[in-house]
Amino acid sequence: MRVLLVSLLSVVFCFAEVKTITGQDGSILVETHYVNGKKEGIEKIYYQNHVLQAEIQYSKDLRSGNAKSYYKTGELESEATFVNDQIKGDMVHYYKSGEKKMVVPYKNNQLNGVLKKYYKDGTLYYEEPNV
């Protein structure tokens with residue numbers, strides 16, 4: 001009996017669920033995973049045409065990890081990395097063709113470094129220091 005009681009007391013309870021927001025046609029517009037009432041895992045947001053619009057990684061209700069946005073036609077539009085709900089490193093924007101369009105450097109959630117813009121052929125055409 002004591003072994004059973006100790007085993008039951010050592011179990012950590014957690015409540016996990018997936019919440020969705022749907023459109024008028026019943027299609028999923030937002031899908032968010034929660035653990036103990038906080039966002040945990042990848043949140044997915046969809047356009048009305050059912051194409052993925054964004055994926056955002058969460059940990060304990062804070063953006064933490066990769067975040068990506070997509071064009072309505074499905075191509076990657078931008079990506080960034082978050083740590084404790086703050087952008088860390090470069091936010092990269094892309095043309096539909098997949099070539100870099102713009103690189104925006106961040107440090108401590110603020111612009112920091114040289115913003116760079118590119119032509120579709122990959123040629124750098126603009127730089128602006130942001131410190």
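Leaving aside its neighbours within four places in sequence, Val104 is in contact (heavy atoms within 4.5 Å) with Gly89, Asp90, Met91, His93, Leu111 and Leu115. The structure is a predicted model, in which local features need pLDDT of at least 70 and side-chain atom pairs count only at pLDDT 80 or more, while totals for chains, interfaces and linings use all residues. Residues are numbered from 1 along each chain as its sequence is written, and side-chain values use heavy atoms, with hydrogens and water left out.

**Confidence and overall make-up**

- The mean pLDDT (the predictor's confidence in each residue, from 0 to 100) of the chain is 89, and 89% of the residues reach 70 or more.
- Over residues 1–12, pLDDT stays under 50, and the model has zero contacts beyond four places in sequence for this segment.
- Along the sequence, the order is α-β-β-β-β-β-β-β-β-β-β-β-β-β.
- Of the 131 residues, 25% are buried, where buried means under 20% relative accessible area, exposed over 50%, and partly exposed in between (1.4 Å probe, protein chains only).
- Among contacts with a separation of 6 or more, 4% link residues 24 or more positions apart.
- The chain exposes about 9100 Å², of which carbon and sulfur atoms supply 53%; accessible areas come from the Shrake-Rupley method with a 1.4 Å probe, and for residues only the protein chains shown count as cover.

**Nonpolar core**

- The largest nonpolar core has 10 residues: Ile56, Tyr58, Ala67, Ala80, Phe82, Ile87, Met91, Val104, Tyr106 and Leu115.
- At least two residues of this core come from each of β5 (52–59), β7 (76–83) and β10 (100–107).
- A nonpolar core is a set of buried Ala, Val, Leu, Ile, Met, Phe, Trp, Tyr and Cys residues joined through side-chain atoms within 4.5 Å.
- In soluble globular proteins, nonpolar side chains tend to be buried together.

**Pairings of β7**

- Strand β6 (residues 62–70) pairs with β7 in the antiparallel sense over six bridges; two strands pair if DSSP finds at least two bridges between them.
- Within this pairing, Tyr70 has Leu76 of β7 as its bridge partner.
- The hairpin of β6 and β7 has five residues between the strands, and Gly74 in the turn has a positive phi of about 100°.
- β7 also pairs in the antiparallel sense with strand β8 (residues 86–87), over two bridges, and Phe82 has Ile87 in β8 as its bridge partner.
- Two residues separate β7 and β8 in their hairpin, where Asn84 takes a positive phi near 50°.
- Strand β9 (residues 89–94) is antiparallel to β7 over two bridges, with His93 in β9 standing opposite Ser78.

- Lys39 lies in strand β3 (residues 38–39) and is buried, because its relative accessible area is 19%.
- The side chains of Lys39 and Glu43 make a polar contact at 3.3 Å; such a contact is a pair of N or O atoms within 3.5 Å, where within protein one must be able to donate a hydrogen and the other to accept it, and residues adjacent in sequence count only if both atoms are side-chain atoms.
- Not counting residues up to four places away in sequence, Lys39 touches Thr32, His33, Tyr34, Tyr58, Ser59, Lys60 and Asp61.
- Thr73 is in the loop between β6 and β7 and counts as exposed, because its relative accessibility is 52%.
- The side chain of Thr73 makes a polar contact with the side chain of Glu75 at 2.3 Å.
- Beyond four places in sequence, Thr73 touches Val51 and Lys96; the C-alpha atoms of Thr73 and Gln53, 20 residues apart in sequence, are 9.3 Å apart.

- Most residues other than glycine have a negative phi.
- His50, which is not a glycine, has a positive phi of about 75°; His50 lies in the loop between β4 (41–46) and β5 and is partly exposed at 47% relative accessible area.
- Lys60 has a positive phi near 55°; Lys60 lies in the loop between β5 and β6 and is exposed at 63% relative accessibility.

Terms used. Helices (H or I, at least four residues) and strands (E, at least two) are DSSP runs, numbered from the N terminus.
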